[in-house]
Amino acid sequence: MPVPVRPLSEPPPLSRQLVARFAAVVGEANCISEPSQLVTYECDALPHLRARPGLVVLPKNRDEVVQVVQLAYAAGLPVVPRGSGTGLSGGAMPIQGCLLLGLSRMKRILEVDLDNQWMRVEPGVVNLDISKRLAPHGYYYAPDPSSAQICSIGGNVAENSGGAHCLKYGFTTHHVLGVELVLADGRVVELGGPVLDAPGYDLRGALVGSEGTLGVVTLVTIRICRMPETTRTLLATFASTADAGNAVSLIIAGGILPAAIEMMDKMAIDAVRSVMGIDWPEVSALLLMDVDGTEAEVEQTAAEASERCLSAGALEVRRPSSAQERDAMWRGRKSAFTAMGRLSPNYIVQDGVIPRSQIARVLTEVARIADSWGVRVANVFHAGDGNLHPLILYDASVPDEARRAEECSAQIVRLCVSSGGSITGEHGVGADKAAYMGEMFSESDLESMNWLRCSFDPETRFNPGKIFPTPRLCGDIPGKYAPHPAEAAGVIGRG
Amino acid sequence: MISYEPSSIEACAELLSECARDKRRLGFIGGGTALELGNPPGELDAVIRTRQLNHIVEYAPEDQVIVAEAGVTLSQLQSLARSNGQWLGVDAPHADRATLGGLVAVGGFGPRRARYGGIRDLLLGVALVRADGAVAKSGGKVVKNVAGFDLPKVVCGSLGSLGLIAHVTLRLHPLPKASATLTLGELTPSQVVDTVRGLRRAQLEPSSVVALRTGEGRFELGVRFEGFARGVERDAGRFADLAEAMGSSCKPLHEPEAEAFWLRQDAVRSQGQLRVRIAALPTQLAEVQDRLAPLLAGLRAASFAWYATLGIGFASGEPEAPGLIGQALEAARAGARRLGGSLVVEAAPAAVRASFDAWGPPPSAFFIMQGLKQRFDPDRRLNAGRFVGGL
């Protein structure tokens, strides 16, 4: 049952005068209304969901954002904010005819306070650039989505992005101290800030992960971390994913909290070996782990983690002998999606979460589901927190295969929910998973969420149609797999 | 006044529906350890106590996640978790009485927030019984989940103004195998700040760093390391060397002494008729101390604890002349606000509470908070008047 929100009327075609008003704010060059150029902005990194925006504007500062939002408000145009467009749930997919507000030009780093461990940045700053800027001082920004080389901090705030190392260090919500937010009518509010515990409801907490539905973030205050003294990487190989899953349980039960534990199954390993030419043994499952902290602590935790892998039946535990070797191991993990993309003409990535203890059972069930639909599923995922990324492989040119892949994908999502988990661990609901929200939440749960939304944006001007269960907007059948150029180059991944 | 003690979430839902029909104004009480926090509530027709909501709903030790009813006390939870080699990384005062629902309602935390965060950061899901009696769940039972808005964050610290917290889902952590506390004596505020800097430079990762005021302008700094035995021993040793190199004398504490130190900081937060919480940046300790000086001077048995890596302080004592304390509070708050921070009254004599707003001026986003309250509690029947700006 859809949540009652104010129905959005079809926006009127944009007049030349209106476009000129936006152009007067951001400059002609940053105001895109040519249909041929708008095509670029029709989707984010989930290319099978598409819609044509009426206009794309690229403001360069807060004041321009305010003016643009006010103009859109007056014209009755829905607004969809967009960062780097690397989202995997259609969160930044336009609403037909909307104003798409691209924030990638706002990329200044405004303040760095190492002593108090925070910095203030504009939303378009690229995630990895923050850590690069801090590296000479021995600090970094902890959340590390696989797209860190191109995704923006504003997008991370919208999606509450995770990453491989969030098991120990937490998600974006644990690292955002404050934001400056522009509301639908152009009002600017500050939520939180570098000093902790500002009195009042934790609206900053509500904003993180709200997928661009509450307002436009124009400044972000983030927590920065001191680099750990040492990090040790372990690569353990197994004869089955069940053994690997048991190793994860044993490690956690041993009181060890690795910074990251990633799992790959045979199909994913084979793809990385053959496509990326990475020197991994031919095995059915592997775990890639980072254990970090002080030298004294890591000496023990790494040894114990390694022992526990062996007692779970690991065939071998490798330790990289150099930084290059370590990087190569992680490159293997990060390029897994790219490798799959080259092996299969099309695939769907799922992002469901399950309780960690059920990994072995759920993977067996996933394989059974895949068989029943006659498609292949590869698994590359964050095992430490049970965040699965099944890749459902198919060939859209084979009649009916796309539909079967979709059905398989839907059944896997439901399996995650019925196992006590979630429909999404880090990619967000967006347009892609809105239809599944009703499987996880009741009508009153959704109604309460909508109350939160309405408190920020009573007229649902921002990103309408996302998150809440609605019929899919278009393209129920996935199109051809189209990787981001950086993904094609093996620079970024999707998990 | 009527007092209800429902014993299940279904009973809570029924009760709140009934109260909605009769427009009864409600207060919620957990362990009753933070009843003085905030402004005095408006008139109440009934209170709902959560002490019968004291069951563990679900606990899967292998997943390190626990679902509990709101009236479960912190120590009840900890003893169950400990028997499985785990704990909740929240070491707030009054563990024997403070309930999980209450801790969520006030956004509780203790010194270990330096490592684990506060309850906000460990809260995975909430079941809220709304003013209209409907049950609204949000979040989930897994550590990683971005499905839907993060209502648990909004509920956390909302002081019962949005609904009755009935169930909470929390992330647990492995219980450290060993712990070591060291104290450094008679530090000036700038030495406290320098020591924190030194810890960070050395890439040491203490789980708690608290400075206790021992006299005019002097602090005793307690630093706790927790983890596997060998690592803790070596890291504590490295810290002792570092302190010595900085010219401080460092004392490793034996277990009873260590416990006494952490109980002393607990006492700062839980004793005294007047108790305030002050927040600023961690490096602003000297300024915070200056701003608090007139207030501390007006208190008997004045004490002050500073969570040195977080920038959060607690001051408490017995007001010499309650009539005059308002002015000192006003000055301290103005000072904290100039530092970009805040001052919140956690407890005060009735006369002070009646005249001095516990939270200070509402923030710029207050109209959003009002909208939220309006939607969740349109008749303003839930804990009305206690929270920021009279929410």
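Mentor: Let us begin with burial: a residue is called buried under 20% relative accessible area, exposed over 50% and partly exposed in between, with a 1.4 Å probe and protein chains only. This is a predicted model, in which local features need pLDDT of at least 70 and side-chain atom pairs count only at pLDDT 80 or more, while totals for chains, interfaces and linings use all residues. Residues are numbered from 1 along each chain as its sequence is written, chains are lettered from A in the order in which they are written, and side-chain values use heavy atoms, without hydrogens and water.

Trainee: Is Cys98(A) buried or exposed?

Mentor: Cys98(A) counts as buried because its relative accessibility is 0%, and Cys454(A), at 13%, counts as buried too.

Trainee: How many disulfides are there over all chains?

Mentor: A disulfide is a pair of cysteine sulfur atoms within 2.5 Å, and by this rule the count over all chains is zero. For Cys454(A), the closest cysteine sulfur belongs to Cys98(A) and lies 19 Å away, which is too far for a bond.

Trainee: Which strands pair with β13(B)?

Mentor: Strands are DSSP runs of E with at least two residues, numbered from the N terminus, and two of them pair if DSSP finds at least two bridges between them. Strand β11 of chain B (residues 178-187) pairs with β13(B) in the antiparallel sense over eight bridges, with Thr181(B) opposite Arg224(B). Strand β12 of chain B (residues 208-215) is also antiparallel to β13(B), over seven bridges, and there Ala211(B) stands opposite Leu221(B).

Trainee: Why is β13 of chain B described as largely enclosed?

Mentor: Because nine of the 10 residues in this strand (residues 218-227) are buried, the rest of the structure largely encloses β13(B).

Note on methods: Helices (H or I, at least four residues) and strands (E, at least two) are DSSP runs, numbered from the N terminus.
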